[in-house]
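Dear colleague,

Please find below the structure that I am handing over to you.

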Amino acid sequence: MERSGSDQDRAIQPSNTIASTIAQSSASGGTESGVETGGDGGIRKFDLVDQQDPEREMVGSQERVAPPPRLLIRYLYIGHFLARWGARMWEFSVALYFISLWPSSFLFAAIYGTVESASTALFGAVVGKWMDTSTYTKVLRIWLLTQNFSFFIAGGTVLELLFHSNLKSTNFVAFISLVILICFSGAIGVLSALAGSIMIEREWVVVISEGHPPETLTQMNSVVRRIDLICKLFAPVVSGFFISFASLKASAVAFALWNFASVWLQYWLMSSVYSGIPALRENNRRRRQKIPLDGTEGRVATLEGGALHDEASVHGTEENSLMRRKMNLVMNSAFMVSWRTYLRQEVVLPGIALALLYFTVLSFGTLMMADLKWEGIPAYIIGIGRGISATIGIAATLIYPFLHSRISTLRTGLWSIWCQWTFLIMCIASIWVQNKHLSVSMLMGGVATSRLGLWMFDLSVTQLMQDNVPECDRGAVGGVQNSLQSALDLMSSVMGIIISDPRDFWKLSLLSFLVVTSAAILYCVHVYRVRKHLVHLEKLLIMVKWSSKSS
């Protein structure tokens with residue numbers, strides 16, 4: 001429902017948000033905790049009880065808006081598909097490009113993974129904070145142009161190296177310069193893709209689903225994640241067949257042309273969605289009103305330490321005063337403000353648990369694909385294996401709404417993380433299998449089946465954040481979450497540099513399994529804090545007694 005710009009409407013908006021959240025909590029049948037944003041941008045906690053208020057339900061039904069045109073929702077999904085397809089093509093192909101440039105080592109692949117993860121870890125929070133203070137139209141332009149043209153440059157540079165395969169021996173400085181260009185252009189493209197993911201997955205789907213039943217947000221989350229996994233399924237298969245049955249050069253040409261040609265269609269689709277859905281335009285208008293026009297934001301941010309600075313000026317030395325000013329600038333930077341915002345959220349433990357799952361080589365990522373290539377597995381087999389993994393992930397997006405409607409978001413996450421842990425046991429068992437083909441099959445099978453739990457857990461944590469993070473903090477929290485995930489991914493790449501011998505891949509696998517175990521335990525801690533128990537022991541006892549009697 002499109003709101004007017006009157007002061008009265010803005011005054012009643014927080015109460016409407018609370019009423020909608022309470023109605024959602026009552027529909028899930030559990031007691032949840034939520035947040036409410038005050039006028040100062042702070043967060044006040046409140047408890048949601050398992051009581052339904054008829055007046056509140058009536059208000060909630062009156063606030064529900066007409067569903068957006070299905071055509072525009074399809075535009076949103078198609079635009080998201082085009083953007084994610086390009087990113088997934090690069091994610092799969094870059095490891096194979098680098099392993100072909102230096103066949104005897106993981107070094108180049110690990111260095112690229114380090115650069116990519118470090119850029120997201122360092123600048124992800126800044127990107128999220130920038131998005132909170134920018135209009136949708138500005139984010140849309142910068143995201144699409146930067147992502148696609150950065151990938152276009154990366155693909156063209158790879159093509160140059162492949163056409164001059166002897167450059168490493170004839171002109172090593174030029175060779176290293178082109179490798180650096182690939183690393184940085186690829187990292188910029190991935191960082192730009194992060195901005196698009198935050199805007200679509202954590203902002204637009206929430207705004208579009210406001211005023212609708214809770215199932216609407218769950219369904220949109222599932223479709224958006226399914227699109228990403230479909231790209232993860234088919235992009236590697238297409239790239240793998242290009243590499244195996246044509247050449248690496250053909251793959252690089254196809255990748256560069258895709259990004260150059262699709263950017264215009266992506267921009268038209270996303271612009272049409274923004275122009276055609278009133279809720280997005282209204283939310284963008286409110287964001288524009290909050291953006292300072294005269295640079296006052298930086299000055300306001302330093303008021304927090306103003307008193308300390310004045311005291312230092314009077315009673316301290318000039319050197320101490322300078323030190324305090326520098327400290328204030330650091331503590332009030334976008335990076336630090338975003339992290340403080342993230343750490344005070346109620347869902348910080350699930351976010352950290354999800355991030356820990358990125359400290360792993362037990363996925364079809366750069367290091368595992370490089371290891372499979374070293375083992376002699378053809379590129380198209382790796383692509384098919386990754387496609388099967390993504391297919392299981394797509395199944396997870398279909399199961400999640402059904403499971404969510406039965407046992408709530410919190411418990412869905414609990415069952416999902418331990419489901420992933422169980423399937424990964426197969427990967428650890430493969431370490432001690434002597435038969436090479438059986439060992440590789442167990443490794444790929446364990447990773448693929450574990451995606452069922454992984455993606456349901458990802459959806460659970462995403463929805464927990466959407467339900468509990470206030471609108472003014474979504475970009476910052478989403479940026480920090482992706483930054484933390486990339487920091488953990490960076491650690492796995494660093495481990496790949498330290499343990500770069502493919503024969504020692506089992507050590508990385510064992511470490512990854514221990515980290516997944518830690519993530520599962522951490523999420524259990526959060527569930528226990530919220531529910532005061534993990535499982536219904538009385539129900540388990542009833543089931544045991546019933547089974548013993550029936551036997």
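**Overall composition**

The protein chain contains 21 helices and two strands; helices (H or I, at least four residues) and strands (E, at least two) are DSSP runs, numbered from the N terminus. This is a predicted model, in which local features need pLDDT of at least 70 and side-chain atom pairs count only at pLDDT 80 or more, while totals for chains, interfaces and linings use all residues. Residues are numbered from 1 along each chain as its sequence is written, and side-chain values use heavy atoms, with hydrogens and water left out.

Of the 551 residues in the protein chain, 50% count as buried. Here buried means under 20% relative accessible area, exposed over 50%, and partly exposed in between (1.4 Å probe, protein chains only). The accessible surface of the chain is about 25600 Å², and carbon and sulfur atoms hold 65% of that area; the areas come from the Shrake-Rupley method with a 1.4 Å probe, and for residues only the protein chains shown count as cover. Among contacts with a separation of 6 or more in the protein chain, 82% join residues 24 or more positions apart, where contact means heavy atoms within 4.5 Å.

**Helix packing**

Helix H8 (residues 214-245) and helix H17 (residues 379-429) have axes that come within 8 Å and cross at roughly 170°. H8 is therefore roughly antiparallel to H17. By class, their contact has 16 nonpolar, eleven polar and four charged residues. Axes are lines fitted to C-alpha atoms, for helices over the stretch in contact, and angles run from 0 to 180 degrees between N-to-C directions. Angles under 35 degrees count as roughly parallel, over 145 as roughly antiparallel, 65 to 115 as roughly perpendicular and the rest as oblique. As to the classes, Ala, Val, Leu, Ile, Met, Phe, Trp, Tyr, Cys and Pro count as nonpolar, Asp, Glu, Lys and Arg as charged, and the others, Gly among them, as polar.

Helix H3 (residues 70-101) and helix H4 (residues 107-132) pack at about 140°, with their axes 7 Å apart, which means that H3 is oblique to H4. H3 contributes Trp-90, Val-94, Phe-98 and Leu-101 to the contact, and H4 contributes Phe-108, Ala-109 and Tyr-112. By class, this contact has seven nonpolar, no polar and no charged residues.

Helix H15 (residues 348-356) is mostly covered, with eight of its nine residues buried. Among the buried residues of H15 are Val-348, Pro-350 and Gly-351.

**Individual residues**

Gln-463 lies in helix H18 (residues 436-468) and is buried, at a relative accessible area of 3%. Apart from neighbours within four places in sequence, Gln-463 is in contact with Pro-214, Thr-218, Asn-221, Tyr-400, His-404 and Thr-409.

Ser-408, in helix H17, has a phi near 75°, a positive value in a residue other than glycine. Ser-408 counts as buried, at 16% relative accessibility.

Tyr-528 is found in helix H20 (residues 505-531) and is partly exposed, with a relative accessible area of 49%. Leaving aside neighbours within four places in sequence, Tyr-528 is in contact with His-533 and Leu-534.

**Cysteines**

The disulfide count comes to zero, a disulfide being a pair of cysteine sulfur atoms within 2.5 Å. Cys-183 is buried, with a relative accessible area of 4%, and Cys-524 is buried, at 13%.

Yours sincerely
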